[in-house]
Amino acid sequence: MAKTFLITGGAGFIGSAVVRELIGNTDHRVVSVDKLTYAGNLASLEPIADSPRHVFVRADIGDVPAMQQVFEQHRPDVVMHLAAESHVDRSIEGPADFIHTNLVGTSVLLEVSRGYWTALKGSVPEKAADFRFHHVSTDEVYGDLDGAEGLFAETTPYAPSSPYAASKAGADHLVRAWHRTFGLPTLVTHCSNNYGPYHFPEKLIPLMILNALAGKPLPIYGDGQQIRDWLHVEDHARALIKVAMQGRAGETYNIGGLNEKSNLEVVETICDLLQERVPQDTRYRDLITFVADRPGHDRRYAIDAGKIARELDWVPQETFESGLCRTVEWYLSNEDWWRCIQDGSYLGQRLGLTDAF
Ligand code: NAD
């Protein structure tokens, strides 16, 4: 049966992929709530902009009356919470926004969800029984793995390193407390590094593609041997929908791509893919420049995604090789999307949008 999904952070990288998947490939309705910070981009929702099953609301998740109005008006069956400050480097430069959105914002959503769900239990018990609050979290809450062995499991103790990871860890604890104390039917997922289309150009993969095309240096932190497990954003979106629809309330699921790569390997592969597609006299690999490491930089993340495979029959469809190739080609054919970010004109799309209705 078609459900109403409330997606927070729907104009962000992963949120917009979930919205495009829900509208493009299911019958569900979607309400996207997004404050449109620098990371939110309405152009990422353009492919589904004409759908009558999608509504966009510009609002801050920390704004209690605005969130209450969204719940009362749209009566969601699933809250999928992706709105966050998400860039580790920015959390080191200034953690305040991370505390506001990732911790305070999550607590507001939990309380508004609890009030809505409690009222629903009295009025429409069958809708209340199916209600889910799904927090989309990160593998960074686990800290880093020592050496080449070992994987993060759902039971791995938390040891966040950056202010970003600590704020996401705190939000996870709030979500579990709302389940344990108030019985709110929650789900938590921890995912590894995502990549794919519509990724804001401050993140490693799009930054390297666009710097290389512009002939600019390709800065790599430290020795470039930090290992990340990469997952294509469309695989993540499909996993999230599966967890929201079929996951057991109160449970946690880890989501990973089974693609461990060092940062240097990722950048060298991008250089080689570009060399084949946009040949130049100078080699893109010669643009690689090692810079001082990020403070507290985690060495290795790797996910054990066995639980979601066993319980929900989810495995990634994309290999890193095929996914990275598609991603490079997407940036080559969607220059309008990233040029608007580089020249700041994407910010103009917000003009005329009212806050929460
Ligand atoms: P993003 O930065 O691209 O998008 C975040 C979105 O949230 C933006 O559209 C922004 O405008 C919106 N937002 C920020 N503050 C808000 C507020 N106060 N109220 C309403 N909207 C607000 O991030 P992303 O990469 O799409 O990540 C989405 C979620 O997935 C985050 O919670 C992140 O922690 C998690 N995650 C990301 C990755 C990854 O590799 N990108 C991996 C695992 C988990």
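Helix α1 contributes the most to the shell around the ligand, giving three residues. The model is a predicted one, and the protein it describes contains twelve helices and twelve strands.

**The shell around the ligand**

- The ligand is surrounded by 30 residues, and the closest of them are Gly 9, Gly 12, Lys 35, Gly 40 and Ala 84.
- Two or more residues of this shell come from each of the elements α1 (13-25), α4 (96-123), β5 (132-138) and β7 (193-195).
- By residue type, the shell divides into twelve nonpolar, 13 polar and five charged residues.

**Overall form**

- For 357 residues a compact globule would have a radius of gyration near 21 Å, and the value of 20 Å for the protein agrees with this.
- The C-alpha trace spans about 70 × 45 × 40 Å along the principal axes of the protein.
- Of the 357 residues in the protein, 46% are buried.
- Among contacts with a separation of 6 or more, 81% are made by residues 24 or more positions apart.

**The seven-stranded sheet**

- Seven strands form an open sheet with parallel pairing, in the order β3-β2-β1-β4-β5-β6-β10.
- Strands β3 (54-58) and β10 (252-255) are the edge strands, each of which pairs on one side only, and from one strand to the next the twist averages 20°.
- Strands of a sheet pair through backbone hydrogen bonds, and this pairing may be either parallel or antiparallel.
- Strand β4 (residues 78-81) runs parallel to β5 and is joined to β5 by four bridges, with His 81 standing opposite His 135 in β5.
- On the β6 side, six bridges join β5 to β6, and these two strands also run parallel; here Val 136 has Thr 189 of β6 as its bridge partner.

**Strand β5 within the structure**

- Seven of the seven residues of β5 are buried, so this strand is largely enclosed by the rest of the structure.
- In a regular strand the side chains alternate between the two faces of the sheet.

**Two loop residues with positive phi**

- Most residues other than glycine have a negative phi.
- Leu 36, in the loop between β2 and β3, has a positive phi near 60° although it is not a glycine, and it counts as buried because 20 C-beta neighbours lie inside 10 Å.
- Arg 75, in the loop between α2 (64-74) and β4, is another residue other than glycine with a positive phi, here near 50°; with 14 C-beta neighbours inside 10 Å, Arg 75 counts as partly exposed.

Conventions. Residues numbered from 1 in each chain as written. Predicted model: local features only at pLDDT ≥ 70, side-chain atom pairs only at ≥ 80, totals over all residues. Near = placed C-beta within 6 Å. Nonpolar A, V, L, I, M, F, W, Y, C, P; charged D, E, K, R; others polar. Pairing = 2+ DSSP bridges. Axes fitted to C-alpha atoms, helices over the stretch in contact; angles between N-to-C directions. Rg over C-alpha atoms; globule rule 2.2 N^0.38 Å. Buried ≥ 20, exposed ≤ 12 C-beta atoms within 10 Å, placed from the backbone. Contact = placed C-beta atoms within 7 Å.
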